[in-house]
Amino acid sequence: MPARSGRTRPVSSSAQVRKALAVDEEFMGLALAEAEAAAGRGEVPVGAVVVDAAGQILARAGNRTIELADPAGHAEILAMREAARALGNYRLSGCTIYATLEPCVMCAGAMVHARVQRLVYGAIDPKGGGVVSLYRVGVDGLLNHAFLVTGGVLAEESGAALKTFFRERRNGAR
């Protein structure tokens, strides 16, 4: 048998995959709670949670662009800022960000600069997605850092929150 070169990846059992998905769903559930709180404030319902490599929650946030009069007041940005303060370092190496919506280009770019290890998102954003839908920031290998991406975690719930919010806006409920 010829010698193998390069790195090999460990094989995951189905039990490991199920456990990892359960963890992702748990943290995404917390991000969804942040999205619901944002909707209650009249903000677009997007939530984010930052978790360190040990599985400890460093930060959580919902959109606050209107409340803060801040175009960068996206949930992911606010959560990364809070996590960086908690760590005392702008680099979020080893951290995972859970976001209910595929991040925009701005948020994905901030994830690159923060050296995030992984992004887990719920619903895709076909009109503004910066990671898989329109652009591939952080995953295309063109920048100085790349992160792993897992999409579609609690996508139905994440998408439903957005659809409900915008339907109510169109109908004058808010």
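Predicted model: local features only at pLDDT ≥ 70, side-chain atom pairs only at ≥ 80, totals over all residues.
How exposed is E67, in terms of relative accessible area? E67 is partly exposed, with a relative accessible area of 47%; buried means under 20%, exposed over 50% and partly exposed in between, with a 1.4 Å probe and protein chains only. Residues are numbered from 1 along each chain as its sequence is written, and side-chain values use heavy atoms, with hydrogens and water left out.

**View 1. E67 joins R41 and R64 in a network of salt bridges.** A salt bridge here is a side-chain nitrogen of Lys or Arg within 4 Å of a carboxyl oxygen of Asp or Glu. E67 meets R64 at 2.5 Å, N to O, and E67 also meets R41 at 3.4 Å, N to O. E67 sits in the loop between strand 2 and helix 2 (75-87) and R41 in the loop between helix 1 and strand 1, so this pair ties together parts that are 26 residues apart in sequence. Helices (H or I, at least four residues) and strands (E, at least two) are DSSP runs, numbered from the N terminus. R41 is partly exposed at 33% relative accessibility, and R64 is partly exposed with a relative accessible area of 27%.

**View 2. A salt bridge connects R118 with D24.** The two side chains meet at 2.7 Å, N to O. They link distant parts of the chain, with R118 in strand 4 and D24 in helix 1, 94 residues apart. Are these two residues buried or exposed? Both R118 and D24 are buried. In total, the structure holds 4 salt bridges.

**View 3. Helix 1 runs through residues 14-40.** Its 27 residues reach 38 Å from the first C-alpha to the last, close to the 39 Å expected at 1.5 Å a residue; the expected span is 1.5 Å times one less than the number of residues. Among the buried residues of helix 1 are F27, M28, A31, L32 and A35. An α-helix has 3.6 residues a turn, so residues three or four places apart point the same way. The partners against which the buried residues of helix 1 pack include strand 1 (47-51), strand 3 (96-101) and helix 4 (155-170). Just after helix 1, G42 takes a positive phi of about 85 degrees.

**View 4. Strand 1 is mostly covered.** Of its 5 residues, 5 are buried. G47, V49 and V51 point one way, while A48 and V50 point the other way. Two strands pair if DSSP finds at least two bridges between them. Strand 1 runs antiparallel to strand 2, joined by 5 bridges, and A48 stands opposite A61 in strand 2. These two strands form a hairpin with 5 residues between them, and G55 in the turn has a positive phi of about 85 degrees. Strand 1 also runs antiparallel to strand 3, joined by 4 bridges, with V49 opposite Y98.

**View 5. V105, L134 and Y135 form a nonpolar patch on the surface.** Together they have about 280 Å² of accessible area. V105 lies in helix 3 (residues 105-114) and counts as partly exposed at 37% relative accessibility.

Terms used: Contact = heavy atoms within 4.5 Å. Patch = residues over 30% accessible without salt bridge, like charges linked within 9 Å, V, L, I, M, F, W, Y side chains within 5 Å. Areas by Shrake-Rupley, 256 points an atom, 1.4 Å probe, with all protein chains shown as cover.
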